[in-house]
Amino acid sequence: MTARRRLTAGQARRVVLAGLGMQRRRPVGRIDARHFRRVYDDIRVLQIDPINVLARAHHQVVMSRLGPYDTDALDRFVWRSGEVYEGWIHVDATAQVDTWPLFAHRRASTLPWRAVRHVMDERPEYMQSVMEDVAARGPLSAAQLDDPGGRITTWGSRSMGRAALDYHHLRGDLAIAWRDDRMTAYFDLPERVIPAVWLDAPVPSPDDAERALLLRALHAVGVGTAADLADHHRQHVPTARRHLAEMAADGVVDRVDVEGWRGPVYAVPDLVVPRGIGAATLLNPFDPVMWNRPRVARMFDLDYTVEIYVPAEKRRWGYYVLPFLLGDRLVALVDLKHDRKAGVLRVAAAHLLPEADAATVVTPLVEELHTWARWVGAGEVEVVDRGDLAGPLSSRV
């Protein structure tokens, strides 16, 4: 019997970072669809989040890997190329369109939630009328429907129309054709959004689809527990454990041991461990490196929480905090805001993480803050709270 491969905690961390594209050098010159395609090949899933304190989340994830680029070009690729589509994939996220058949079973199992049941009870004919309206005039936003419906006060005061559109979208009866600068979604029939080759592709069994999604997750991160891998596409963890155990028995994936990691750990066959990671970049809270909080704690010894919805007096780090990745370590946390009116990238607070050396961190962090400031169109980096790192950070871009 062959001895199981053992990885140190540092080796596993480098494998995950490399898998998620953090080992690549940023390209020089014009950034186009080839580069966006490569990012999707690495991370597989790009989360959507509407908060625009600094920049849109999906724009930041790509910025961390490619450096400054035209965000309009990315949005055209995401919503116009036919290579990517939006759905409930991690949470609300985009993924390569060849995964459309892999989520068929999830779409089919979508049940109406409270707001949708309210619409169905109050106006039984309304759901079908929304479908007919989009079929005749799409793509449409909720506000553009012939009958947007009344507000549902128990659902964040959003409209019946939006509830109907979201339900049809999650069921696969509609698709999101595109989003505008305000992140408003425009819905259309799937056959006008998803290329026919994928819309008409054979639908795998739920078990085969779940295994395929786990493999995609494993190829994104290189090594992970069942919970890590299930999180990538928000799969059921106990089912993922069963599938991965079977896949390991069949030789499709490898079992490995990782220092400090509990439970079975899986890796891609012929795993290559990078000698180092040359990253020096800020990471959005919804970056695939960061979104799995238990993995972040395990890899970086950091209890990281997004504190946007935490009362100000109870926040530990700040409102919109981006970790700074230097090499294969998170070394600082920076609370950032783009003050568009003043033309300033404002550092509300900067925290040096334990065991990080300020003398080593400051220069690359300042360079990266300047790079992000230029990207968002700010002319100055301004520090508000002079904390661990604040003194040397303020400067003109």
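Student: Is Tyr 186 buried or exposed?
Tutor: This is a predicted model, in which local features need pLDDT of at least 70, side-chain atom pairs count only at pLDDT 80 or more, and totals for chains, interfaces and linings use all residues. Residues are numbered from 1 along each chain as its sequence is written, and side-chain values use heavy atoms, without hydrogens and water. Buried means under 20% relative accessible area, exposed over 50%, partly exposed in between (1.4 Å probe, protein chains only). Tyr 186 has 12% relative accessibility and therefore counts as buried.

Student: How many aromatic pairs does the structure hold?
Tutor: Rings of Phe, Tyr and Trp (its six-membered ring) pair if their centres lie within 6.5 Å; planes under 30 degrees apart are stacked, over 60 edge-to-face, the rest tilted. The number of aromatic pairs in the structure is 8.

Student: What kind of pair do Phe 36 and Tyr 69 form?
Tutor: Among the 8 aromatic pairs, the one of Phe 36 and Tyr 69 has ring centres 5.8 Å apart. The planes stand at 70°, so the pair is edge-to-face.

Student: How many residues apart in sequence are the parts that this pair ties together?
Tutor: Phe 36 lies in helix H2 (residues 33-43) and Tyr 69 in the loop between helix H3 (57-66) and helix H4 (71-80).

Student: What is the relative accessible area of Phe 36?
Tutor: Tyr 69 is buried at 9% relative accessibility. Phe 36 is buried too, and its relative accessible area is 2%.

Student: What kind of pair do Trp 178 and Tyr 186 form?
Tutor: The ring centres of Trp 178 and Tyr 186 are 4.2 Å apart. With 5° between the planes, this aromatic pair is stacked.

Student: Which residue in E4 does Glu 86 stand opposite?
Tutor: E3 and strand E4 (residues 92-96) pair in the antiparallel sense over 5 bridges. The residue in E4 opposite Glu 86 is Thr 94.

Terms used: Pairing = 2+ DSSP bridges. Helix = DSSP H or I, 4+ residues; strand = E, 2+ residues; numbered from the N terminus.
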